[in-house]
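Me: I am new to this structure and would like to learn how to read it. Could you walk me through some of its features?

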Amino acid sequence: MDKVDVVIIGSGIAGISSAYYLQKNFPDLTYKVIEARSDLGGTWDQMVFPGVRSDTDMYTYGFTFNPWEGSIIGQGKDIKNYLNDSAQKFNMREHILFDTKVTSMSWNDNQWTTKTTRNDFISQYIICCTGSRDYKYPNFPKFKDENKYQGEIVHTQDWGNAEIKDKNVAIIGSGCTAVTMTPAVVKEAKKVTLIQRSPAWIVNVDGDEKSTRTYKTYETLIDYFHSRIFKKSYKKKVLAKYPYYNDTNVPSYDFWDQRPACSLNNDYFDSVKSEKVSLELSEVENWEANGIKLKNGNIVNCDLTIMATGLNAQLLGGIDVFVNKKKVNLNDTSWYRGMMFSGIPNLFAHTGYINFSWTARCEIVSERICRTVKYMQKKQFATCTPKYVGKTSKPAIEANYVLRSMDKFPNRSYKFYNSNYLLEYLIFKWTRINDGAVDFV
Ligand SMILES: Cc1cc2nc3c(=O)[nH]c(=O)nc-3n(C[C@H](O)[C@H](O)[C@H](O)COP(=O)(O)OP(=O)(O)OC[C@H]3O[C@@H](n4cnc5c(N)ncnc54)[C@H](O)[C@@H]3O)c2cc1C
């Protein structure tokens, strides 16, 4: 059994941010990052589908402590290299234990025991940086007669060695992933059919745009709140701006209900005009030997079907949590400021924004965690445990993957303003740590 002050689980953006702020604020604290994969980067290590890139501008998606110096939209490989570079720069790599999966976390006798597929760890705190989705099981809709289909089916989360060159490809899904990958797939494939139940909101980004973190923060948040307050007129404005939309091709949800997809230098809008591409606004009825039958009666012939059908949301990496030998059901807890759970002592967990850069929230939460630990050191407290207070949780966004998982989320939340970066920025920095909603002992 190894002993450290803090165990961090996961080495993606949240893990790197947590390690950076811990080192900066507590040079004498010991910590270990436990990572199931063979390399760091999380999402940006796992996602290798053609064309993978950010949707958010990199001015706000990069860390404040290691500003991004590339172009406004980051390609997947470049983001992965950037995360590696950040870990290298601040000497974090030596703290990461790769190829090691956490299997359970148990709180007993005022300390955590983290069981892993290798050695176990004892610590005072855990910071869970396991992302927001199920790494093993993405959303993979099942359609009738799958065993009839003779082509290949691949999910974007589990790309493997799938080849698209000269193939007839169908892409099922219309979200950010489908929009991102379409131009890259169109370049290589013989023919591409986009099967979309409901079109997505897509905005064009000029790849040469130069900006600053402050301006992008201001611009994104103004855009978000504007679209929330003036829903109808804002929708009309976007529909009028892009000729891609027409009477039959209109998203069924409101602008900013989900993060808008990004067309870089019009690459998506240009590629759907290609003769190689057909757009089917319909749902799948069933599989056929040579392709897919749609509910509108059309048959799509394809030898490769790409499921760009998204994720299954998951908190705490689906890891079993025990407090004094009792298994915790997260659905019975309250989500304290979107960073702790009632009844679970000394455990912090990250989640990001849907309407703003994920990284930005990871940084403000990391700083709040450090403020909490400093407060406890000063007052000589050993534990901090949020109380079961707050309001009934409402989904932050009406995205399918959130609605599908509501029974796995806390049923209450307390002061969790997860669509308002500016408010959280101020609150996390300036409000009292002992705010009455946490028991410090
Ligand atoms: C294709 C794609 C594009 C995206 N683009 C954007 C964007 O433009 N802007 C934006 O804000 N967000 C975007 N996101 C959301 C993205 O997930 C976050 O921005 C961010 O990368 C999440 O970082 P994280 O560190 O919280 O989690 P992750 O990147 O998911 O990392 C979690 C880590 O925890 C590890 N882990 C999980 N369980 C265990 C366990 N039991 N034991 C040990 N290790 C474990 C995983 O292996 C992984 O390395 C995108 C997501 C995808 C899939």
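Me: In which loop is Lys415 found?

Reply: Lys415 is found in the loop between strand E26 (412-414) and helix H11 (421-430). Helices (H or I, at least four residues) and strands (E, at least two) are DSSP runs, numbered from the N terminus. Residues are numbered from 1 along each chain as its sequence is written. This is a predicted model, in which local features need pLDDT of at least 70 and side-chain atom pairs count only at pLDDT 80 or more, while totals for chains, interfaces and linings use all residues.

Me: What is the phi of Lys415 near?

Reply: Here is the general idea: most residues other than glycine have a negative phi. Phi of Lys415 is near 50°, a positive value in a residue other than glycine. Phi of Asn265 is near 50° too, and Asn265 lies in the loop between strand E13 (261-264) and helix H8 (267-271).

Me: How many other C-beta atoms lie within 10 Å of Asn265?

Reply: A residue is buried if 20 or more other C-beta atoms, placed from the backbone, lie within 10 Å of its own, exposed if 12 or fewer, and partly exposed in between. Asn265 has 14, so it is partly exposed. Lys415 counts as partly exposed because it has 17 C-beta neighbours inside 10 Å.

Me: Which residues of H6 are buried?

Reply: First, the general idea: an α-helix has 3.6 residues a turn, so residues three or four places apart point the same way. In H6 (residues 213-229), the buried residues are Lys216, Thr220, Tyr224 and Ser227. Seen down the axis of H6, they fall within an arc of 75° (taken from the directions from the helix axis to the C-beta atoms), so they line one face of the helix. On the other side of H6, Thr214, Tyr218, Ile222 and Ile229 are exposed.

Me: What do the buried residues of H6 pack against?

Reply: Contact here is between two residues whose C-beta atoms, placed from the backbone, lie within 7 Å. The buried residues of H6 pack against helix H3 (58-61) and helix H7 (231-241).

Me: In what order do the five strands of the open sheet come?

Reply: Two strands pair if DSSP finds at least two bridges between them. The order is E4-E3-E2-E8-E23, and the pairing is parallel. Strand E4 (96-97) and strand E23 (347-349) are the edge strands, each pairing on one side only. Further in, four bridges join strand E2 (residues 6-9) to strand E8 (residues 125-128); Val6 has Tyr125 as its bridge partner in E8.

How values were computed:
The expected span of a helix is 1.5 Å times one less than its number of residues.
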